[in-house]
Amino acid sequence: MKPSFIRLLSVIIFCFAVLQCQFVSSQELRLFYDKPAANWNEALPLGSGNMGAMVYGGVSAEEIQLNEETIWAGRPGNNVPKGKYEDIVKIRKLLTEGKNKAAQALSNEAFPRAAPKGLDYGMPYQTFGSLLLDFPDHQVFKHYQRDLDLNKAVSSVSYEVNGVTYKREIFTSLVDHTMRVRITADQPNKISLNVGWKSPHSDVKVGVANKRLFMSGKSSTVDAKEGMVQFYGFVYPDIKGGEVKHLKRNIEIKNANEVILYVAIATNFQNYQDISGNPSRRAELLYHKAKRVDYQNGLNKHIVQYQKFFNRVKLDLGSNDQAKKTTDIRIREFGKKFDPQLVALYFQFGRYLLISSSQPGGQPANLQGIWNDKLSPPWDSKYTVNINTEMNYWPAEVGNLKEMHQPLFKMLKDLSVTGQESAREMYHARGWNMHHNTDLWRISGVVDGGFYGMWPMGGAWLTQHIWQHYLYNGDVSFLREYYDVLKGCALFYLDVLTKDPSGKWLVVSPSISPENSYEAGGVGVSAGTTMDNQLVFDVFHNFIRASNDLKRDVPLRDSVIQLLKQLPPMQVGQHGQLQEWLQDLDKTTDRHRHISHLYGLFPSGQISPFRNPELAQAAKNSLVYRGDKSTGWSMGWKVNWWARLLDGNRAYKLIMDQLSPAPEEQNGQNGGTYPNLLDAHPPFQIDGNFGCTSGIAEMLLQSYDGYIYLMPAWPDELPNGEIKGLVARGGFIVDMSWENKQLTALTIKSTLGGNCRLRISNKIALSINGKKLEEAKEENPNSFYLVNTIKVPTVRAQKGIFQLPETIVYDMNTVKGKVYRFEVQ
Ligand code: FUC
């Protein structure tokens, strides 16, 4: 053979191998099934931030259930009750006197369980309705497949009828926010269908205008709030060959070669105070943007935009034959059959969901992200902020999706305005606050009454996201933009803190350790719960550090520093547990899903196994008492906690619990995963997806407590793998590989410069360009790794001693923008 021919042949073989590889890897990040969805929990989610679609993949009857993120019941307005300040003072006094039952009774009376007349407890997020595609002759089919390709954010359906192969390709464009459904057949003139709408809204109008089949309507009136969100959506068919007939409520397409359906939905919502937009004009504008390019270009643009985010992180944990099975079967078998790729798929699915449900300029992901087929979904599909909304955003920074965090920050800006009313009216305080729920209208008052709702801490937790975003990205202009939100939150606690019943500390009262009670009869209101103390500690530190970095508000900073000293320490109680309340009231039999006092362990970094092992041990005891199996989000949180407790095997056990099949149509505490890989509280709630995604990242990399800890909690079951693109605080982007659970390769990109402190197993050593790294001494000089010193905890009873792994800590100074390839020995 001639050398040039051999060269050509080897190039061809190489190209084929590359293509093959890509094919295999793109096949791997795929949810796929061999039957249409039998219900919503089997349908596949697509999203462009504002528009959500659930694709059932039906053959003769396709349903694509649709959402637009601003279709909420109600209209602008807050829900702050008048004249409640005196009640709050009385509840506080009763708590100081130790009359806790009476305090709870008064709280329940002042803030009834059902919304009192003239007030509301938040509005439900509502569906738009569904696009229905009816293929009359497709009753008998074979070779069925449907999938969701996470590499492209595209869903497809294919099957054969009478020797003709039909395909549908569906995506919700991240560029123009219009959905396309492209229907093809491998023979000409074979596509015939009816297109129509359905919606549970009572007064929708369906009709044909300008060759579009539209559906318009208005959101519901709930409690005292009249529904005033107007929505308008339409479908426009673009066909090749065949004919189209526009009927009154349908579009009939006959004998086409190809059909592309364009679907645009818009509302009159401008912002939480303004609903003066024109929905039909907006929908038309979206469609025009979509039509500027042909189908293929539109698809390519969508994929490019999506991959800009998605491709930043790669995770490979290996694969086996399980990956060839349909996703529903893999979930069913995960507990029995080793399937490492499902863990990677689940992790990337979490990132996919965040990209699809939380785009800059839009609304934050709610309890169901953006996917909801009901008018009255569970918990209204609102923003529950005593865990759920925060959990949605845990993967944002570490998962290299910082842009997806933006909608949450914008919501905080709104809340820092609406929350001034609750701070002023209910607490006579400056600044702003909110309770445990909000909605599109940014309500800040109590929701669900004086037990669940008596938690004035929503802002305290949510503002952590602003500070953490700054720690990851070092963006001073961002900090400047959001400084007043942090300051307003600190001001509220500055005014509200009061002496605890023992007179020793300053605490928040009344409040509750979310949704838990410490006395029979539903007594939960309390003074100085551990979570509140931890939250105020973080709020104050964030303000002190922000005002320091921006050189603002020195006198105010000094007052905050004084109050900070008077917060209670964490306490280890009689069972060796971390106390949930200021008094030692925890029960070892308590299995409550909320374990809020472990906020200090994660997401906060106040409890560190290395700095305060006695607290880590107490947190571990609390976690063991609560047990593993619970609601979806609770298990997701537990993955993160076990990661912070450096127990990879237990964290993996929780991933197995989370990935166990969820019982259909069940409500309660028995969480798991539906066939479409969405989390079951049950019912569906998206937080568990995000919580577990974050947990997997936390098992691989932690960046708090003064250092980046590589593979702090990795399970024995996943000995080999590779991750690329995880982000650590201080702007370090980490790529690493491992074999037999030992780090084998490490590359770090420093996007901000500064000292990079690394903790790793002491079985390995790191060097760079042949030079061994220096062992770290003293505190990390990198300001993004400053550790806020906590008070020495009080310990009533110690149970167990925390076993620390043997590690070594290195320091390396980095230059902004440089990439460092380490040698690992
Ligand atoms: C909190 C949780 C529930 C549920 C709801 C949306 O109230 O206690 O489990 O997740 O939010």
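## A loop residue with positive phi

Leu677 sits in the loop between strand E23 (672–673) and E24. In this predicted model, Leu677 has a positive phi of about 75 degrees, although Leu677 is not a glycine. Most residues other than glycine have a negative phi. Leu677 is also buried, because its relative accessible area is 0%, and the cut-off for buried is under 20%.

Met711 is another residue other than glycine with a positive phi, here near 50 degrees. The loop that holds Met711 runs between strand E26 (707–710) and strand E27 (721–728). Met711 has a relative accessibility of 12% and therefore counts as buried.

## Two cis peptide bonds

Most peptide bonds are trans. The bond from Ser509 to Pro510 is cis, and its omega is near -5 degrees. Pro510 belongs to the loop between strand E21 (506–507) and helix H15 (530–549).

A cis bond also leads from Pro682 to Pro683, with omega near 5 degrees. Pro683 is found in the loop between strand E24 (679–680) and helix H20 (687–700).

## The protein as a whole

The secondary structure of the protein consists of 20 helices and 36 strands. For 825 residues, a compact globule would have a radius of gyration near 28 Å; the value for the protein is 27 Å, which agrees. Along the principal axes, the C-alpha atoms fill a box of roughly 85 × 75 × 50 Å.

Of the 825 residues, 63% count as buried. Contacts between residues at least 6 apart in sequence join residues at least 24 apart in 69% of cases.

## Surface and charge

The accessible surface of the protein is about 30,000 Å². Carbon and sulfur atoms account for 51% of that surface.

Among the side chains of the protein, 93 are positive and 83 are negative. The centres of these two sets are 3 Å apart.

## Domains

The domain assignment gives domain 1 as 34–73 + 126–311, and domain 2 as 721–824. Taken over C-alpha atoms, the centres of domain 1 and domain 2 are separated by 47 Å.

Glu63 is part of strand E4 (residues 61–68). With 16% relative accessibility, Glu63 counts as buried, since the cut-off is under 20%. Leaving aside neighbours within four places in sequence, Glu63 has contacts that include Met54, Val55 and Tyr56. Further contacts of Glu63 are Ser130, Leu131, Leu132 and Lys198. Between Glu63 and Ala37 the C-alpha distance is 9.6 Å, and the two are 26 residues apart in sequence.

Asp339 lies in the loop between helix H6 (327–333) and helix H7 (340–357). The relative accessible area of Asp339 is 0%, so Asp339 is buried. Beyond neighbours within four places in sequence, Asp339 is in contact with Asn320, Gln322, Ala323, Arg330 and Phe334.

Terms used. Residues are numbered from 1 along each chain as its sequence is written. This is a predicted model: local features need pLDDT of at least 70, side-chain atom pairs count only at pLDDT 80 or more; totals for chains, interfaces and linings use all residues. Side-chain values use heavy atoms; hydrogens and water are left out. Helices (H or I, at least four residues) and strands (E, at least two) are DSSP runs, numbered from the N terminus. The radius of gyration is taken over C-alpha atoms; the globule rule is 2.2 Å times the number of residues to the power 0.38. Buried means under 20% relative accessible area, exposed over 50%, partly exposed in between (1.4 Å probe, protein chains only). Contact means heavy atoms within 4.5 Å. Accessible areas come from the Shrake-Rupley method with a 1.4 Å probe; for residues, only the protein chains shown count as cover. Lys and Arg count as positive and Asp and Glu as negative; His and the chain ends are not counted. The place of a charge is taken as NZ of Lys, CZ of Arg, CG of Asp or CD of Glu. Domain bounds come from an automatic or database domain assignment.
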